[in-house]
Amino acid sequence: KIESDDELWQNDKQVVPFLNQYYRGCGRDKDGHSIFWIKGQGTPEDLERTSVQAGIVYTIAIHADPGSLREGITFVMDFTSSKKPKVGNEGKLQKINQAYPLRPKTIMLAGCSVAFRAFVNTIITLASVFIKQKVLQRIKFCSIDYVLEQLPEGSAPVYVGGTGGGIENVAEWVRERYFQLPIPEL
């Protein structure tokens with residue numbers, strides 16, 4: 001069954017808590033565009049569908065303003081506390097996540113382990129045949145401190161010392177931006 005937009009937000013007891021647990025509220029980057037910040041952690045198999053739904057609506061909300069949509073966003077994945085054991089579905093979810101239509105100006109992978117960096121570098125090497133060099137140059141392995149230096153004061157999430165751009169409830173912010181999108185008449 002395909003649920004309506006209203007049903008997604010009214011009846012789903014999982015998407016709202018998932019958005020608030022995995023995604024972080026942020027302000028704007030130095031160019032005034034959205035910051036897509038995700039807290040890297042495993043997704044239990046029973047939440048795979050929820051993960052996909054949350055990822056889609058968050059991606060839509062992040063790109064809901066013309067500047068972010070046309071000129072790109074700052075994408076941050078924080079792995080600093082992702083010490084949870086693997087669930088076994090990471091590859092499947094990664095393929096889905098890579099299919100989201102992101103427009104990243106920069107991709108910052110913060111707090112990656114040496115093993116994960118080696119893994120990502122191997123994938124980048126293999127993918128370099130298919131991916132434009134300018135896209136590959138946007139990927140940076142860095143610390144949270146480096147990420148914070150790249151953002152205006154207060155734009156980072158609360159848990160790293162920012163004000164989260166004033167976003168207290170990520171799910172509510174996503175819902176508001178989602179429903180503000182114009183719907184073309186067909």
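Select Lys105 to begin: this residue is partly exposed, with a relative accessibility of 22%. In this tour, buried means under 20% relative accessible area, exposed means over 50%, and partly exposed lies in between (1.4 Å probe, protein chains only). The model is predicted, so local features need pLDDT of at least 70 and side-chain atom pairs count only at pLDDT 80 or more, while totals for chains, interfaces and linings use all residues. Residues are numbered from 1 along each chain as its sequence is written, and side-chain values use heavy atoms, with hydrogens and water left out.

Lys105 and Asp29 form a salt bridge, their closest N and O atoms lying 2.6 Å apart. A salt bridge here is a side-chain nitrogen of Lys or Arg within 4 Å of a carboxyl oxygen of Asp or Glu. Lys105 belongs to strand E4 (residues 104-110), whereas Asp29 sits in the loop between strands E1 (23-24) and E2 (35-39), 76 residues away. Helices (H or I, at least four residues) and strands (E, at least two) are DSSP runs, numbered from the N terminus.

Now select Asp78 and Lys39, whose side chains form a salt bridge at 3.5 Å, N to O. Asp78 is in strand E3 (residues 73-78) and Lys39 in strand E2, so the pair ties together parts 39 residues apart in sequence. Both residues, Asp78 and Lys39, are buried.

Finally, select Arg177 and Asp65, a salt bridge with closest N and O atoms 2.9 Å apart.
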